[in-house]
Amino acid sequence: MKNGIKTTSLSRAAIYILLIILSLPILLGYLWLFSGSISDELEFGIVPKRITFENWRFLWSDITIGTKVFPNIWPITLNSLLLSGSITLLEVLISLLAGYALSRMNFPGRNFILKTTIILHAFPGVALLIALYYVLNYIGMIDKIAGVVLVKVALELPMATWMIKGFFDEISWEIEWAAYMDGCSRLQAWYKIILPQIKPGIAAVALFAFLAGWSEFIYSYTFIFSSENYTLAVFLKNLIGDFRFLDYGLLAAAGLFYMIPVIAFFLISQKSLATIKFGGIKR
Amino acid sequence: MEVTMMNVVKRFGNFKAVDNLSLTIKDGEFVALLGPSGCGKTTTLLMLAGIYKPDAGEIIFDDKIVNDVLPKDRNIGMCFQSYALYPHMTVEQNIAFPLKLKKLPKKVIDEKVREIAAKFRIEHLLKRYPGQISGGQQQRVALARALIKEPNLLLLDEPLSNLDAGLRISMRAEIKKLQKELGITTVFVTHDQTEALSMSDRIAVMNKGKLQAIGTPEDLYMRPKNMFIAGFIGNPPMNFLEVGYIMDGDRVTLKGKNFEISLPEEISRTFIKKQNNERIVMGIRPEHLSVGAEAPNTIKGEIYVVEHLGKDKLVDVKVGDDRIKVLTGQDFEGKMGDTVNLHLDFKNVHLFDAADGNSMKRVA
Amino acid sequence: MSELEAKILERVTAKKASMEGVRKFFTALPFLGPFLFLIILFYLVPVILTFTMSLTSMDYALEWNFVGLKNFVRFFQDSSVKIVVLNTVKYVVYTLMINVGFGFFLAVATSYFIKNENLRLAFQTIWMLPRMTPPVVYALLWLWFLDPTEAGTLNSVLHKLFGLPAQNWILNHPMKVVIVANGLIGTSLAMVVFSAAIKSIPVDYFRAASVDGASDWDVVRHVIVPFLKWPIMFMTIWQTLSLITSYEYILLITDGGPLNRSEVLSLFSYHKAFSNYEFGYGAAISTVLVIFAVILAVVMLKVFGYDAIMMRGEIDEKRDKDHISF
């Protein structure tokens, strides 16, 4: 920061020490996730004593406890990919359409829809879980990944649409007008001139949509009963239920496996992470 | 192509952006739409472009009503204030874009792009993106893009306002020359009267959505139809003084609070008559006043401040409560507080009705 | 023009304008259709359904047996509701304090005291981790950290440092665990919002303070805090809104237990519906929450206006102007 104050070294040192002490437990947790997954015994909670890949056995064999056999992880991973992929695709597509209309068209009811969108953005969808169950059951989408996709997309739409609208807002009208003067139809102007300019915005929304879908737990947990439709979140939750006091190594490995896209996201977009409209995300 | 606007109205909600505008632009003519910001000039331009549809009235190209013709079917070239180059395309792609949409063969497009790039001296920039070239270069690219499809009408929206002063003057000449060369009908929106006066064949002055006057630069400067035009055209602006009107035989006498001016007979005759003692407004430009010896029929005042304008001096003279600006030569040596006598160039005295602001000049 | 003619003209114009509006709406409809469809199906309908279901004794069979206000009467007589409501209040208040207080500390520490850009980013990224981690993994980290055996991480650290005996944290202090775990999630949001606010303070204020010889703490008190007043108020209401209705992390870490000791209203509603299959009663509890949430949302909108909610600097232009009319 370019403020003119020279912070005194004493208070600065105190702040640093405090920050480091407070941040340690968090770092420790994620460090454990890594070291715990490749070792069967840890020293001081996180230092691996012996390296083993036994904890990753779920990748090549079925997990059993007593007579209980857990479903194979690969179809479940595929389910999770399918879920997050569909959520991303639908959310981006629908918010691109709606965001364009809300940003660049003038029609009666526009203001009403805008304000409602903002209220919905602040409104926590989980409170409606019971009614959502009824709706999904009614339209025959209960116990189906597609049902969870629809619910998740709907609940994320207000935020995504608002973000996309913001990106459209920043494109000057002169550019769009120029496209018409050059001979574009409305549709051509939209995909040849306008969409290419909000590519980074679309990427950001897609990324958030994917991660939100990947992390999604409560709707899959509540609306899906058949193990062939499980997602990684539900799988891991069940795994924790059975192995909690028995095999932390297995849980760490499974947790880490589940975290891979999140870690990838962190590595890719470390810089932009803090600046993208992070604040818009619901807890 | 001849462009006609007949009784055109454009509303935004309850606001009338363009109010009953009628205007004809002859084939090959260069017309400036001049006015303060918010006067409806850009709205007018966008209606010609087809971006806005008029709420009433007709827009006619040659003899075809085009109100419902889409912009893409009007064959118009347009150049925007911000240039509006497509940031994700190279200069070459930008220029070629209108032809690509026409589905011309690639060979023809390449040929034409090369040709026009040479004309605008931007061949070396073709592979760059708009963000990588200067404002003046962007301007030329925008012009090239507007002209490559050989439009029937060229629309320019404040094309020079984002350039720095030096470049602006050279582009002024360049655009004017280009327009004459191509003989393309051109409408040009600006708020800068110097641009309008120096570039265009005719100027249409707009204010509050209404057409105030249209005429050659000389017309508007020498024979302003009303006080708005008189005050708007000319820099420094015309002085306005409220006076009483007295008709004495064939001579008109103008009675101010602190002065009295009698106009010569032949000048008096050029104005329509009014009732004695009616309040009217006298207008005179700073360049039509001079400082001279004490004499009858002059205005006596005190120098308030002297501004140096480079080749001239602008003298601000206090006459009672009024302030009159006078343009003098560089050799004028009056100082603040000096008493001076202002001589009027009677041929260039303008009189306006105080109520409606219209000129009292008889129409010849 | 006569008065009559003027009136007729006015009416014709008005009619033309309204037809134009209809036309414009139908132009926008293809773009808005899917959006409106999903919003209506998964927001509007569920809100109405929740209210309606609260008047029934609906169970797993999902049949509509209307019982009037019986569910609400039961709600106010239910002995466990008292403890649950108390838990909810505790949970919201303490979690909020961690969110806002700790978020403020992190924002000031990283945005004001740390001058090194990379270090700032590193710390902010660390604190962003809990929020970005999938809830199930985040819960797993807590379960591991608080493992009740002597080998449990927290237990062994406390034993080595202070010689404390091992204990079952989740069993003995369920509320504290839930509050801290949730507190860390909200903290990153507060940190991001407050940091942005601190960064938007004009540098001149800091320079003026420096010229006046202010210490760091003076700057925090007299420059930063006044600027953060609105963001803090905003954060408080926004977080309250999400805290009263969110229960995902509690469900994963303690599941409300032991014996309702960390059960909050929203989770209570969930358990009634999906553990006991009392959909009607669950919906009644949700109704109470939804009404409360809506009131809070409206208050928030009134206090902050729409644009602040979206954390957008610029105001959405008031448009009575079309940009294109074809």
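## Strand S3 of chain B

In chain B of this predicted model, S3(B) and strand S8 (residues 185–190) pair in the parallel sense, over 5 bridges. Within that pairing, B:Phe30 has B:Thr186 in S8(B) as its bridge partner. S3(B) is also joined by 4 bridges to strand S9 (residues 202–207) of chain B, and these two strands run parallel. Here B:Val31 is the residue that stands opposite B:Arg202 in S9(B).

Is strand S3 of chain B mostly covered or mostly open? The strand, residues 30–34, is mostly covered, with 5 of its 5 residues buried. In a regular strand, side chains alternate between the two faces of the sheet. In S3(B), one side carries B:Phe30, B:Ala32 and B:Leu34, and the other carries B:Val31 and B:Leu33. These residues are all buried, and both faces of S3(B) are covered.

## An antiparallel sheet in chain B

Chain B also has an open sheet of 4 strands, in the order S2-S1-S4-S5, with antiparallel pairing. Its edge strands are strand S2 (15–25) and strand S5 (64–65), each of which pairs on one side only.

Inside this sheet, strand S1 (residues 3–12) of chain B is joined by 5 bridges to strand S4 (residues 56–61) of chain B, and the two run antiparallel. One position in this pairing is B:Val3, which stands opposite B:Phe61 in S4(B).

## Chain B overall and its domains

Chain B holds 9 helices and 20 strands. Of its 364 residues, 39% are buried. Along the principal axes, the C-alpha atoms of chain B fill a box of roughly 80 × 45 × 35 Å. Among the contacts in chain B with a separation of 6 or more, 65% come from residues 24 or more positions apart.

The chain is divided into domain 1 (3–232) and domain 2 (239–353). The C-alpha centres of domain 1 and domain 2 of chain B lie 40 Å apart. How many residues of domain 1 of chain B are in contact with domain 2 of chain B? There are 4, and they are in contact with 5 residues of domain 2. On the domain 1 side of this contact, 3 residues are nonpolar and 1 is polar, with no charged residues.

## Chain A

The secondary structure of chain A comes to 12 helices and 4 strands. Chain A has 283 residues, of which 43% count as buried. The box filled by its C-alpha atoms is roughly 70 × 65 × 35 Å, taken along the principal axes. Of the contacts in chain A with a separation of 6 or more, residues 24 or more positions apart account for 67%.

A single residue of this chain can be looked at in detail. A:Asn111 has its place in helix H3 (residues 110–122) of chain A. Why does A:Asn111 count as partly exposed? It does so because A:Asn111 has 13 C-beta neighbours inside 10 Å, whereas a buried residue needs 20 or more and an exposed one has 12 or fewer. A:Asn111 and A:Phe34 are 77 residues apart along the chain, and their C-alpha atoms are separated by 49 Å.

## Contact between chains C and A

The contact takes 88 residues from chain C and 82 residues from chain A. Which element gives the most to the side of chain C that touches chain A? It is helix H1 (residues 3–53) of chain C, with 20 residues. By class, the chain C side that touches chain A has 62 nonpolar, 18 polar and 8 charged residues.

## Helix packing in chain C

Within chain C, helix H8 (residues 174–199) packs with helix H10 (residues 216–245) at an angle of about 150°. The axes of these two helices are 10 Å apart, and the crossing of H8(C) and H10(C) is right-handed.

From H8(C), the residues that meet H10(C) are C:Gly186, C:Ala190, C:Val193, C:Phe194, C:Ala197 and C:Ile198. On the H10(C) side they meet C:Ile224, C:Phe227, C:Leu228, C:Pro231, C:Met235 and C:Gln239. The residues of this contact of H8(C) with H10(C) divide into 10 nonpolar and 2 polar, with no charged residues.

Technical notes
Residues numbered from 1 in each chain as written. Chains lettered and ligands numbered in written order. Contact = placed C-beta atoms within 7 Å. Nonpolar A, V, L, I, M, F, W, Y, C, P; charged D, E, K, R; others polar. Pairing = 2+ DSSP bridges. Domains from an automatic or database assignment. Axes fitted to C-alpha atoms, helices over the stretch in contact; angles between N-to-C directions. Left-handed = near helix turned anticlockwise from the far one by under 90°.
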